[in-house]
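Please read the report below alongside the sequence and the model, which are shown first.

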Amino acid sequence: PLADPDPGYTGYAELVGVIDEVVAAHPDIAARSVIGRSHEGRDLLAVKISDNVDVDEDQPEVLFVHAQHAREHLTVEMAVHLMRLLTDGYGGDPRITDLVDDREIWILPNVNPDGSEYDMAGSTWRNWRKNRQPNEGSSSPGTDLNRNWAYEWGCCGGSSGNPSSITYRGPAPESAPEVRVVADFVRGRVVGGEQQITTAIDFHTYSELILWPFGHTYDDVTNGMTREEYDTHAALGEHMAEANGYTPQQSSDLYVTDGSINDWLWGDQRIVNFTYEMYPRSAAGGGFYPPSSVIERETARNEEAVLRLLDYADCPYRIIGEEA
Ligand SMILES: NS(=O)(=O)N[C@@H](CCC(=O)O)C(=O)O
Ligand SMILES: [Zn+2]
């Protein structure tokens, strides 16, 4: 872009370059695919990391989603860090090598490229959150991708019906092309009637939290969440939080949300999943725009936590001592 509020952050064109570089350097364990397009026509990319990467093996799959919210640029840096960690570490670090051999890992490095590019197109940040899709009858564009998912969409006062709101849920579930594309990708991982993805993390900023479903209700146990399923999420959330120092909690403990990816991944696809709210802990730390000088430290901070999720991906219920 002509201007750039902080060149240390990775814009869309640069991200495509990084992906191509990683895949070219590790063609046997990394592959890139286009899973769809954003409203403005940018490719929505998936990077698969696994041995025999071109073969769909019968292995547990793990999904990492980044940048649903445009201004949360540190999450794209987290994707870049994970791509490099899991490929450069292969063959050298035995734990990483085993995880890449025994899992199929999907990284979606930026699922809202239109919003991200809009936010960094000027000489100062624009504080943009949503996608860039126009809203009929309104001069305010944008749907909040994390309120547009189809499980309990708009059920519970956890989103807005006003197009100018930053939590606008859209006119219908999956009305945002970016949500429809990612939801279709996840549905496409059902093979032989079984969802191959067992666990997932959706990265956001900020507040240093690890959140688990449900967001639409304060109840721990409810329709679609048994005590064992809740305890599995909580135990795994706490296990990861021990590694990165984030605060683990149910997502509704933060505030009620509806139509979030958390609730859909679990409620509709039974994928044990978490939202990470990355650094900083508060606005004082830079809010959505910490200086790019923190990128290396704050992405590396999540390595152990992510590897713990990958460890448990074969059977998350193992963490509460169940086979399930
Ligand atoms: N990243 S953020 O927008 O500040 N917080 C997320 C929290 C997500 C959740 O509670 O599930 C959101 O409101 O979508
Ligand atoms: Zn967010």
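## Basis of the model

This is a predicted model, in which local features need pLDDT of at least 70 and side-chain atom pairs count only at pLDDT 80 or more, while totals for chains, interfaces and linings use all residues. Residues are numbered from 1 along each chain as its sequence is written, chains are lettered from A and ligands numbered from 1 in the order in which they are written, and side-chain values use heavy atoms, with hydrogens and water left out.

## The cavity

A search of the whole structure finds 1 cavity of 30 Å³ or more. On a 1 Å grid over the protein atoms alone, a cavity is a set of points where a 1.4 Å probe fits but cannot get out, whereas a pocket is an open set with protein on both sides within 12 Å along at least five of seven lines; lining residues have an atom within 4 Å of a point. Grid points are joined across faces, edges and corners, and a volume is the space filled by probe spheres set on the points.

The lining of the largest cavity includes Thr10, Gly11 and Tyr12, together with His73, Val76, Asn110, Ser116, Glu117 and Met120. By class, this lining has 3 nonpolar, 5 polar and 1 charged residues, where Ala, Val, Leu, Ile, Met, Phe, Trp, Tyr, Cys and Pro count as nonpolar, Asp, Glu, Lys and Arg as charged, and the others, Gly among them, as polar.

The largest pocket has a volume of about 310 Å³. At least two lining residues come from each of β7 (197–205), α7 (251–254), α8 (261–267) and β10 (272–278), where helices (H or I, at least four residues) and strands (E, at least two) are DSSP runs, numbered from the N terminus. The lining of the largest pocket comprises 7 nonpolar, 11 polar and 5 charged residues.

The second largest pocket, with a volume of about 250 Å³, is lined by 16 residues, of which Glu194, Gln195, Gln196, Ile197 and Thr198 lie nearest its centre. The elements giving two or more residues to this lining are β6 (194–195) and β7, and by class the lining divides into 7 nonpolar, 5 polar and 4 charged residues.

## Parallel strands

Strand β7 is largely enclosed by the rest of the structure, because 9 of its 9 residues are buried. It is joined to β3 (residues 61–66) by 6 bridges, the two strands running parallel, and to β10 by 7 bridges, again in parallel; two strands pair if DSSP finds at least two bridges between them. Thr199 in β7 is the bridge partner of Val62, Ile201 in β7 is that of Phe64, and Ala200 stands opposite Asn273 in β10.

Strand β3 is likewise largely enclosed, because 6 of its 6 residues are buried: Glu61, Leu63 and Val65 lie on one side, and Val62, Phe64 and His66 on the other. A further 5 bridges join β3 to the parallel strand β4 (residues 104–108), in which Glu104 stands opposite Glu61.

His81, found in helix α2 (residues 74–88), is buried with a relative accessible area of 12%. Leaving aside neighbours within four places in sequence, His81 is in contact (heavy atoms within 4.5 Å) with Glu296, Thr299, Ala300 and Glu303.

Helix α10 (residues 303–312) is largely enclosed by the rest of the structure, because 7 of its 10 residues are buried, among them Leu307, Arg308 and Tyr312.

Notes:
Buried < 20%, exposed > 50% of the residue type's maximum accessible area, 1.4 Å probe, protein only.
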